[in-house]
Amino acid sequence: MDSIWIKTARLPHFPPMEGDLNTHVLIIGGGLAGLLCAHRLEKEGVDYALVEAGRICGGVTQNTTAKITSQHGLLYARLVRTFGLETARLYLEANQRALEEYRTLCRTLDCGFIQRDAFVYATDSRNRLDQELEALRRLGAPAEFVPRLPLPLPIAGAVRFPRQAQFHPLQFAAGIAPGLRIFEHTKVLELAPGRAVTTGGTVRAEHMILATHFPILNKHGGYFLKLYQHRSYVLALENAPEAEGMYLDADEGGLSLRGWDKYLLLGGGSHRTGKQGGGWQELERFARRHWPEAAPAARWATQDCMTLDGVPYIGPYARHTPGLYVASGFNKWGMTSAMVAAMLLTDLILGRNNPWAAVFSPTRTVLRPQLAANVLESALGLLTPTVPRCPHMGCALRYNPQERSWDCPCHGSRFGEDGRLLDNPATDDKQM
């Protein structure tokens, strides 16, 4: 179940750390967010090191659909209602800047970067689209309504963002990683202020960035309540129509489509980790109904951290952890969010003012409706009297027959049938 990206890219190898190390900034996690932080610090001439427990981009990055867009579903009307016009404007500005940073970087990289329009469509009514378009008009965004799309399903219309982009994420990573100070197969065993004990030695650093997808430090920040995880599924279809843009259903469990090379990438079937969802079967049924000649060339699944309010957590880890930063909760929009994290965290570490800091602050209020749902799931997981249990915080695991794994509905940790850790926030294998 490898993604099409894994099948078509070769990433460079880096040695494990051997011996103690002193540096100004330690980055923990070698996904795209960690790599972009390292790349930006390198450009600024800052002394840094990145440690990765396995291989770079071996987690969520290798399973993304790799849309580079500031259109994050029908988000902006909700941002205006929840936070006000200025915060929504800054969120849009940050993600547009991220898109432009990719556009500049990819001019010199062979990573399949292609400009594409992005569309969010609705199948029921125009009401939500009209609300989004009004919010975008007030924000000055170049968005417009389109009544039809080249998709085999009836729609009420769509919101179009022009001049967005897509690329091959692992070819991009392979282009920026050489020359960075990276240590693979170096797992962090213990974190303390200014110090990280790893399998290769102790790292001392004034600043640390946790770019581990789900934050692994439970004692601070309350991320086990502020985050939950979603699984989504992708089919790479051969002999399917070419996608002229990037498409997304406005409904949470709806379909996602984009093209790459000779493939149509059909995504969807999503659900909260540990719950049931449509999975690949839902996608296969859709493909058979509309493109009977199409055949899956690859299939894979991914997992995304979701925040309480739809905005990522990027900034100081908690109020009482000086020098510790986090980049998490990308809400299925990891490409632009990873670049925003790199730009914002570099500014914070260098003591520069950044207008986006308050927007993405991890210490903003947690008083959102989703918090109650997260608390309930955690309580049910802890009180369910079954085994096996998750080593992260003791919740009951549920068997996932589709992927043959044991999944935690509380916080999203996943384990293979043999107990091997597949997804964090758990940090160790499980005895099954």
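Is I314 buried or exposed in this structure? I314 is buried, with a relative accessible area of 1%, where buried means under 20% relative accessible area, exposed means over 50%, and partly exposed covers what lies in between (1.4 Å probe, protein chains only). The structure is a predicted model, in which local features need pLDDT of at least 70, side-chain atom pairs count only at pLDDT 80 or more, and totals for chains, interfaces and linings use all residues. Residues are numbered from 1 along each chain as its sequence is written, and side-chain values use heavy atoms, with hydrogens and water left out.

I314 belongs to strand β16 (residues 313-316); helices (H or I, at least four residues) and strands (E, at least two) are DSSP runs, numbered from the N terminus. Leaving aside residues up to four places away in sequence, I314 touches V326, A327, F330, S337, V340, A341, L344, L345, F360, S361 and P362, with contact meaning heavy atoms within 4.5 Å. I314 and G329 are 15 residues apart in sequence, and their C-alpha atoms are 8.4 Å apart in space.

Together with Y76, Y91 and F161, F360 forms one aromatic cluster. Rings of Phe, Tyr and Trp (its six-membered ring) pair if their centres lie within 6.5 Å; planes under 30 degrees apart count as stacked, over 60 as edge-to-face and the rest as tilted. By this rule there are 14 aromatic pairs. One of them, formed by F119 and Y247, is stacked, at 5.3 Å centre to centre and with 20° between the planes. Because F119 lies in strand β4 (residues 114-122) and Y247 in strand β12 (residues 246-249), this pair ties together parts that are 128 residues apart in sequence. F119 is buried at a relative accessible area of 10%, and Y247 is buried at 3%. The rings of F167 and F172 have their centres 5.2 Å apart and their planes at 50°, so this pair is tilted. F167 has 0% relative accessibility and counts as buried, and F172 is likewise buried at 0%.

Rings can also have a charge over them, which is counted if NZ of Lys or CZ of Arg is within 6 Å of the ring centre and within 35 degrees of the ring normal. K226 lies over the face of Y223, at 4.4 Å from the ring centre. K226 also lies over the face of Y313, at 5.0 Å from the ring centre.

F172 brings helix α6 (residues 169-176) into view, where P169, L170, F172, A173 and I176 are buried. Seen down the axis of α6, these buried residues fall within an arc of 155°, so they line one face of the helix; the arc is that of the directions from the helix axis to the C-beta atoms. An α-helix has 3.6 residues a turn, so residues three or four places apart point the same way. The cover over the buried residues of α6 includes α1 (4-7), α2 (32-44) and α4 (85-105). Helix α2 also holds R40, which is buried with a relative accessible area of 18%. R40 touches E101, A342, M343 and T346, not counting residues up to four places away in sequence.

Two strands pair if DSSP finds at least two bridges between them. β14 pairs in the antiparallel sense with strand β11 (residues 227-238) over seven bridges, and with strand β13 (residues 256-260), also antiparallel, over five bridges. G267 in β14 is the bridge partner of V234 and also of S256. In the hairpin of β13 and β14, two residues stand between the strands, and D261 takes a positive phi near 55°.

Finally, an open sheet of four strands runs in the order β18-β19-β20-β21, with antiparallel pairing. β18 (398-400) and β21 (421-423) stand at the edges with a single partner strand each, so one side of each is left without a neighbour in the sheet. The partner strand β19 (residues 405-407) pairs with β18 in the antiparallel sense over three bridges, and N400 stands opposite S405 in β19.
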